Amino acid sequence: MPRTPSGGARSGAAATDSGPMSIGTVLGVLRDEFPEVTISKIRFLESEGLVEPQRTPSGYRKFSPQDVERLAHVLRMQRDHYLPLKVIREHLDAVARGEAVPLPVVGRQRTGEDAPAPPERPTVARVGRTELLAAAQIGEDVLREWESYGLVAALEDGAYDAEAVTVASLITELGRFGIEPRHLRVMKAAADREAGLVDQVVAPLRRHRNPQTRAHAEARTKELAALTVRLHAALVQTALGVRLP
């Protein structure tokens, strides 16, 4: 296996004194620095040619300490420099050939002292209860019914986020087709489950010691939310046998 360039904190330094490791042991070592890494991720990096562990006669992977260091370096380049795997592989191959190549620059960088401070979480736009009623053209009794089904919920200060206006408008539109709020509880439950899945994926980033990594959780949440919405829409269209413009 080519020598991995050094840089940044080393993941699982104690592992360098150990012998061959199983993929489960490697996962435990890497999670000290990369809590979001999974066995599937390690296998994917192997399939992309970024690490080549030895195999036992029965087919089990055995990773050397150098393999672990290389994996940590790949994950660090992804996390801190937003580099695609193809670029990382080409960079490591060049280093292995003894070429003095600078670190590639692709898009935004988050390196050392030049790393920007984590952006403040944007303030959520809010509307009052009266504004929501007017925007949705509904009365208090209707809004209370929606709230009883969990379709709309006020924030701690009694206001509503701006998205509540969109939800209210869509509920009203569906009502014109005879779909009542009580029918929408199944959609709310599905949305909660999807949100829970996204939270489960992003939670390790939010708990990370690195402030830049925690800030990255916001962008990852938005990305996953968009993919979840697209998948949900595609599944509904497939189930109904229709295609929306």
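The structure is a predicted model, with a mean pLDDT of 79 for the protein and 81% of its residues at 70 or more.

**Confidence**

- Over residues 6–16 the pLDDT stays under 50, and the model gives this stretch 23 contacts beyond four places in sequence.
- Residues 106–124 also have pLDDT below 50, with 27 contacts in the model beyond near neighbours in sequence.
- Where pLDDT is low, the predicted coordinates should not be read in detail.

**The largest pocket**

- Three helices, α7 (163–175), α8 (185–206) and α9 (211–240), each supply at least two residues of the lining, and α8 gives the most, with 11 residues.
- Sorted by class, the lining of the largest pocket comprises 22 nonpolar, five polar and 11 charged residues.

**The second largest pocket**

- The second largest pocket is lined by 17 residues, and those nearest its centre are Glu36, Val37, Lys41, Leu205 and Arg220.
- Helices α3 (65–81), α8 and α9 each supply at least two residues of this lining, with the largest share, four residues, coming from α9.
- The lining of the second largest pocket divides into eight nonpolar, four polar and five charged residues.

**Helix α3**

- Helix α3, which supplies at least two residues to the lining of the second largest pocket, has 17 residues and reaches 24 Å from its first C-alpha to its last, close to the 24 Å expected at 1.5 Å a residue.
- Because 15 of its 17 residues are buried, α3 is largely enclosed by the rest of the structure.

**Asp32**

- Asp32 is found in the loop between α1 (23–30) and α2 (39–47), and this residue is exposed, with a relative accessible area of 53%, where the cut-off for exposed is over 50%.
- Although Asp32 and His208 are 176 residues apart in sequence, the two lie 9.8 Å apart in space, C-alpha to C-alpha.

Methods. Residues numbered from 1 in each chain as written. Predicted model: local features only at pLDDT ≥ 70, side-chain atom pairs only at ≥ 80, totals over all residues. Heavy atoms only, no water. Nonpolar A, V, L, I, M, F, W, Y, C, P; charged D, E, K, R; others polar. 1 Å grid on protein atoms, 1.4 Å probe; cavity = no way out; pocket = protein on both sides within 12 Å on 5 of 7 lines; lining within 4 Å. pLDDT = per-residue confidence, 0-100. Contact = heavy atoms within 4.5 Å. Expected span 1.5 Å × (residues − 1). Buried < 20%, exposed > 50% of the residue type's maximum accessible area, 1.4 Å probe, protein only.
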